[in-house]
Amino acid sequence: ISGVIDFCHDHLLRVAPPAARRVIDIVADGRNNDGRPVQAARDAAVAAGITINGLPVLENDPLLDDYFEREVVGGPACFVLAVRDTATLMDAIRRKLLAEIA
């Protein structure tokens with residue numbers, strides 16, 4: 001997860017002209033398991049003005065949404081939208097997009 005945040009952080013800062021709003025949406029079914037600590041990546045991205053949202057898939061880890069709340073998401077208006085399983089993922093993404101558009 002930290003690698004994804006770092007990758008997106010780097011690319012979002014290179015966009016020209018700069019975007020008015022910078023957001024990383026992370027969908028995952030597990031915890032950070034490689035790279036630097038996820039909190040360090042999150043904090044660097046948030047300090048650069050990037051919001052990180054999370055869509056944890058709870059199928060293998062029913063407490064993953066708590067982990068995302070504590071360790072992954074950050075920035076203005078960030079949120080966690082827990083997804084029960086991969087079968088309901090597309091519906092959750094649709095709800096997320098509709099909420100953001102509204």
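This is a guided tour of a predicted model, stop by stop, with what to select and what is found there.

Residues are numbered from 1 along each chain as its sequence is written, and side-chain values use heavy atoms, with hydrogens and water left out. Because the model is predicted, local features need pLDDT of at least 70 and side-chain atom pairs count only at pLDDT 80 or more, whereas totals for chains, interfaces and linings use all residues.

**Stop 1: helix 1**

Select residues 2–14, which form helix 1. Helices (H or I, at least four residues) and strands (E, at least two) are DSSP runs, numbered from the N terminus. The 13 residues of helix 1 reach 19 Å from the first C-alpha to the last, close to the 18 Å expected at 1.5 Å a residue; the expected span is 1.5 Å times one less than the number of residues.

Now colour S2, I5, H9 and L12, the buried residues of helix 1. Buried means under 20% relative accessible area, exposed over 50%, and partly exposed in between (1.4 Å probe, protein chains only). Looking down the axis of helix 1, its buried residues fall within an arc of 95°, so they line one face of the helix. The arc is that of the directions from the helix axis to the C-beta atoms. Turned away from that buried side are the exposed residues F7 and R14. Show strand 1, helix 2 (38–47) and strand 2 as well: the buried residues of helix 1 pack against them.

**Stop 2: S2**

Zoom in on S2, in helix 1. S2 is buried, with a relative accessible area of 1%. Leaving aside neighbours within four places in sequence, its contacts (heavy atoms within 4.5 Å) are N32, D34, G35, R36, P37, V38 and A41. The side chain of S2 reaches the backbone oxygen of D34 at 3.3 Å.

**Stop 3: the nonpolar cores**

Select I1, I5, I26, F68 and V72, the residues with the most contacts inside the largest nonpolar core, which has 18 residues. A nonpolar core is a set of buried Ala, Val, Leu, Ile, Met, Phe, Trp, Tyr and Cys residues joined through side-chain atoms within 4.5 Å. Helix 1, strand 1, helix 2, strand 2 and helix 3 each supply at least two residues of this core, and helix 3 gives the most, with four residues. Apart from this core lies another, of five residues, among them L55, V57, V83 and L89.

Return to I5 and display its surroundings. Beyond its neighbours within four places in sequence, I5 is in contact with I24, I26, V38, A41, R42, A45 and I52.

**Stop 4: two backbone features**

Most residues other than glycine have a negative phi, and most peptide bonds are trans. Go to the loop between helix 1 and strand 1, where P17 is found. A cis peptide bond joins A16 and P17, with omega at about -5°.

Next select A77, in the loop between helix 3 (64–72) and helix 4. A77 is not a glycine, yet has a positive phi of about 60°. At 62% relative accessibility, A77 counts as exposed.

**Stop 5: helix 4**

L89, A92 and K96 are buried in helix 4. These residues cover an arc of only 60° around the axis, which puts them on the same side of helix 4. What covers them includes strand 1 (22–28) and strand 2 (50–56). The face turned away from the buried side carries the exposed residues M90, L98 and I101.

**Stop 6: salt bridges**

Where a side-chain nitrogen of Lys or Arg lies within 4 Å of a carboxyl oxygen of Asp or Glu, a salt bridge is counted; the count comes to eight. Three of them can be inspected as follows.

- D91 and R94: the closest N and O atoms are 3.5 Å apart. Being three residues apart in helix 4, D91 and R94 are separated by about one helical turn. D91 is partly exposed at 41%, and R94 is partly exposed at 48%.
- D43 and R42: the closest N and O atoms are 3.0 Å apart. D43 is partly exposed at 42%, whereas R42 is buried at 13%.
- D85 and R84: the side chains meet at 3.4 Å, N to O. D85 is buried at 16%, whereas R84 is exposed at 60%.

How values were computed: A polar contact is a pair of N or O atoms within 3.5 Å; within protein, one must be able to donate a hydrogen and the other to accept it, and residues adjacent in sequence count only if both atoms are side-chain atoms.
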